[in-house]
Amino acid sequence: MDVLIHKKENEWQAVAQIEGLISKWEAETQITLPEDYKAFMVKYNGGRVYPCLFKHNVPQELWQMDDDIEVLLDSIFRWQYALERRGDRLEFNEIPEKSLIIGTDPGGTELGLSMEENSFGKVYLIYFAVGPEDDEPVMRTSLLANSFREFVFDKLYENADRDGYELWYTPNTKKYARKVEF
């Protein structure tokens, strides 16, 4: 199955300047983005992809949702919003300095992309679980994919019920949808 992405018409027009913004950010921060994520952002600047289901591998005793191991990807964040989310998280020391929040599920569980030397390019699920005091949630991460490309093309899938399609699909979706290639 092809991976598709859609945006509103005016959002496609805003993609052109992203490469320069990313290059400027890399120069200013001395942090290099993984090439596959950078190529995706330069071409699409985030968006809603379909299929949009993935499986988490969080131990059941730590996953405070229901028993389902499927997670619904809401969107891959546009560049500017990923930077805003990064700034929010760094303020509270919740994520490593060389990482980026790149997406979310509809409930706020987030995806992180590592730019740390020992985990460069890996995609993580960032979730809150029971902490040592049971009443204090603790932020945890769980590896989802060894690269952004692997996450998009190998980890996202469609189930028999097409869960998530109604979130992805809008009346103008087909008009503005494109096949994901990077």
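In what order do the three strands of the open sheet stand? The order is 2-1-10, and the pairing is antiparallel. Strand 2 (48–50) and strand 10 stand at the edges. Each has a single partner strand, so one side of each is left without a neighbour in the sheet. This is a predicted model.

Strand 1 (residues 4–6) pairs with strand 2 over three bridges, in the antiparallel sense. P51 belongs to the loop between strand 2 and strand 3 (53–55). Most peptide bonds are trans.

## A hairpin and its neighbour

Now turn to strand 6 (residues 99–104). Is this strand mostly covered or mostly uncovered? Strand 6 is mostly covered: six of its six residues are buried.

Strand 6 pairs with strand 7 (residues 110–114) over five bridges, in the antiparallel sense. Here G103 has L111 of strand 7 as its bridge partner. The two strands form a hairpin, with five residues between them. In the turn, G108 has a positive phi of about 100°.

Strand 6 has another pairing, with strand 5 (residues 75–76). That pairing is antiparallel too, over two bridges. S75 has T104 of strand 6 as its bridge partner.

Which residues of helix 3 (residues 35–44) are buried? They are D36, Y37, K38, F40, M41 and Y44. N45 follows helix 3, and its phi is positive, near 50°.

Two packed helices are described by the angle between their axes and the distance between the axes. The axes of helix 2 (residues 18–29) and helix 3 come within 8 Å and cross at roughly 140°. Helix 2 makes the contact with I18, E19, I22 and E26, while helix 3 uses K38, M41 and V42. These contact residues divide into four nonpolar, no polar and three charged. Note that K38 and M41, both part of this contact, are also among the buried residues of helix 3.

## The nonpolar core

How many residues does the largest nonpolar core have? This core has 43 residues. Those with the most contacts inside it are Y37, F40 and F151.

Leaving out residues up to four places away in sequence, F40 touches I5, N45, G46, V49, I76, F148, V180 and F182. Two of these, F148 and F182, return in the next section.

## Aromatic pairs and a cluster

The structure holds 13 aromatic pairs. A pair of aromatic rings is described by the distance of the centres and the angle of the planes. F148 and F182 form a tilted pair, 5.9 Å centre to centre, with 40° between the planes. The pair links distant parts of the chain, 34 residues apart. F148 lies in helix 5 (residues 148–155), and F182 in the segment after strand 10 (178–179). Both F148 and F182 are buried.

Y165 and W168 form another aromatic pair, tilted, at 5.9 Å centre to centre and 40° between the planes. Both lie in helix 6 (residues 165–168), three residues apart, about one turn of the helix. An α-helix has 3.6 residues a turn, so residues three or four places apart point the same way. W168 counts as buried because its relative accessible area is 5%, below the 20% cut-off.

Which residues form one aromatic cluster? They are Y37, F40, Y44, F148, F153 and F182. Y37 and F40 are also among the residues with the most contacts in the largest nonpolar core.

## Positive phi in two loops

Most residues other than glycine have a negative phi. Q30 has a positive phi, near 60°. Q30 is found in the loop between helix 2 and helix 3. Is Q30 buried or exposed? Q30 counts as exposed because its relative accessibility is 63%, over the 50% cut-off.

R162 also has a positive phi, near 55°. R162 sits in the loop between helix 5 and helix 6. At 38% relative accessibility, R162 counts as partly exposed.

Terms used
Residues are numbered from 1 along each chain as its sequence is written. This is a predicted model: local features need pLDDT of at least 70, side-chain atom pairs count only at pLDDT 80 or more; totals for chains, interfaces and linings use all residues. Side-chain values use heavy atoms; hydrogens and water are left out. Buried means under 20% relative accessible area, exposed over 50%, partly exposed in between (1.4 Å probe, protein chains only). Helices (H or I, at least four residues) and strands (E, at least two) are DSSP runs, numbered from the N terminus. A nonpolar core is a set of buried Ala, Val, Leu, Ile, Met, Phe, Trp, Tyr and Cys residues joined through side-chain atoms within 4.5 Å. Contact means heavy atoms within 4.5 Å. Axes are lines fitted to C-alpha atoms, for helices over the stretch in contact, and angles run from 0 to 180 degrees between N-to-C directions. Ala, Val, Leu, Ile, Met, Phe, Trp, Tyr, Cys and Pro count as nonpolar, Asp, Glu, Lys and Arg as charged, and the others, Gly among them, as polar. Two strands pair if DSSP finds at least two bridges between them. Rings of Phe, Tyr and Trp (its six-membered ring) pair if their centres lie within 6.5 Å; planes under 30 degrees apart count as stacked, over 60 as edge-to-face and the rest as tilted.
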